[in-house]
Amino acid sequence: MRTQWVAKRRGQGNVSQMHYARQGVITEEMDYVAQRESLPPELIREEVARGRMIIPANINHTNLEPMCIGIASKCKVNANIGASPNSSDLDEEVGKLNLAVKYGADTVMDLSTGGGNLDTIRSAIIKASPVPIGTVPIYQALESVHGNMDKLCADDFLHIIEKHAQQGVDYMTIHAGILIEHLPLVKSRLTGIVSRGGGIIARWMLHHHKQNPLYTHFDEIIEIFKKYDVSFSLGDSLRPGCTHDASDEAQLAELKTLGQLTRRAWEHDLQVMVEGPGHVPMDQIEFNVKKQMEECSEAPFYVLGPLVTDIAPGYDHITSAIGAAMAGWYGTAMLCYVTPKEHLGLPDAEDVRNGLIAYKIAAHAADIARHRPGARDRDDQLSEARYNFDWNRQFELSLDPERAKEYHDETLPADIFKKAEFCSMCGPKFCPMQTKVDADALTELEKFLAQKDREKVPM
């Protein structure tokens, strides 16, 4: 779809959506997004120009169906996939991508660290994906020197970043906000540094006693991103890994640096979103969202969870979806899903499904709470189908139609029960929704009650 759209922009230096938006140009991508969001194209352009919305759309990802991430649009959900040295391979990861898209992922991040040739895996995922693909290039940079910190240098980072951009990656997590002076601030933490990319940079700085190379070479990364329209996803290397560490000095110090980097990128018309925690108690979520908006000048916030308690391994898609719904309500633009395997192992296809559905629920609940136009329409339609015992319509409107039908059919599988005015919970005699009162009966009841009220007669 985008082949002709981007052909006329190639070779023009800065090809970012923000660059065109600030020139007053509504690109084809902006127009497409406006149709998807049912918003005016000019509003999309204004939000992108301002930096409150991004359209991740690398010019080399031509099979992409453009989408947006921002406070003015619906709350979005990202799904993480990725092969590891211990498990999965290319075919399995492409399968996870297809499953994530099927169940409504708005973007997908390839976090592969092994399990095959990383370039081949990434290329296959991009080629198969109609949604934006994000990566964390620092993983491959470390892999390219076989984990040897002595050999890892700034040129390695820049080389891998450009390779990902050339392949068509739409946004990249860049861990440029963690500085060497931040490292002593983690001493009082229970879980230290839990960001994989942040841990790599921290070990590099401790090993070399030098400043973060992604910070010192940030302008060179900017020049790479200009050529391909890659969006920054500024990584939160010091995000809290438990509720004890939430909103601490280390996290907030890095957030301030991320705000500075956001504005540096904007000076070059580059799109930015900012990553956030993590593990945060419910009473601190609003503070975290508002603090990010303040420090980062309202750049879109992209949060992992946050998990609101730490005691439920195996159920962290639930502990985090609670926090995600709240974060979305307070203004977070995109939620990064957490699967039941979080903290325990590499997610399989069923984990991807469960994590993604939990987060589609959270994002949709946030849209309803923010009173987005039309957000509740589907809920009302499903409620009407439920009241009318239209089981097939209920399945159709469900976030996971297959699972809804599966649960219904466990006890009442025959087709005749698709028209039955009951389910296996109440049975045929006790369903309260069989109590249907027509308009005439209600009118007579109202007259009766009014008469009793006038007569002051107790019921």
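Does Asp229 count as buried or exposed, and at what relative accessibility?

## Asp229 and its setting

In this predicted model, Asp229 counts as buried because its relative accessibility is 1%, and a residue is buried when that value is under 20%. Asp229 is found in the loop between α11 and β7. Although Asp229 is not a glycine, its phi is positive, at about 60°.

## Helix α11

Helix α11 spans residues 218–228, and Asp229 follows this helix. The buried residues of α11 are Phe218, Ile221, Ile222, Ile224, Phe225, Lys226 and Tyr228. The elements that cover these buried residues include the helices α8 (154–167), α10 (213–216) and α12 (249–266). The strands β6 (171–174) and β7 (231–234) are also among the covering elements.

## The largest nonpolar core

The largest nonpolar core holds 115 residues. Those that touch the most other members are Val108, Ile174, Leu214, Phe225, Phe232 and Tyr359. Helix α15 (residues 349–369) supplies the largest share of this core, namely 7 residues.

## Backbone features in loops

Two peptide bonds are described here as cis. One runs from Pro277 to Gly278, with omega near 10°; Gly278 lies in the loop between β8 (272–276) and α13 (282–295). The other runs from Gly305 to Pro306, with omega near 5°. Pro306 is found in the loop that lies between β9 (301–304) and α14 (316–330).

Phe389, a residue other than glycine, has a positive phi near 55°. The loop between α16 (377–387) and α17 (391–397) contains Phe389. Phe389 counts as buried because its relative accessibility is 5%.

## A nonpolar surface patch

On the surface, a nonpolar patch is formed by Val437, Leu442, Leu445, Phe448 and Leu449. Together these residues have about 420 Å² of accessible area.

Leu449 belongs to helix α19 (residues 439–455). With a relative accessibility of 41%, Leu449 counts as partly exposed, because this class lies between the limit of under 20% for buried residues and that of over 50% for exposed ones.

Notes
Residues numbered from 1 in each chain as written. Predicted model: local features only at pLDDT ≥ 70, side-chain atom pairs only at ≥ 80, totals over all residues. Heavy atoms only, no water. Buried < 20%, exposed > 50% of the residue type's maximum accessible area, 1.4 Å probe, protein only. Helix = DSSP H or I, 4+ residues; strand = E, 2+ residues; numbered from the N terminus. Contact = heavy atoms within 4.5 Å. Core = buried A, V, L, I, M, F, W, Y, C linked by side-chain atoms within 4.5 Å. Patch = residues over 30% accessible without salt bridge, like charges linked within 9 Å, V, L, I, M, F, W, Y side chains within 5 Å. Areas by Shrake-Rupley, 256 points an atom, 1.4 Å probe, with all protein chains shown as cover. Salt bridge = Lys/Arg side-chain N within 4 Å of Asp/Glu carboxyl O.
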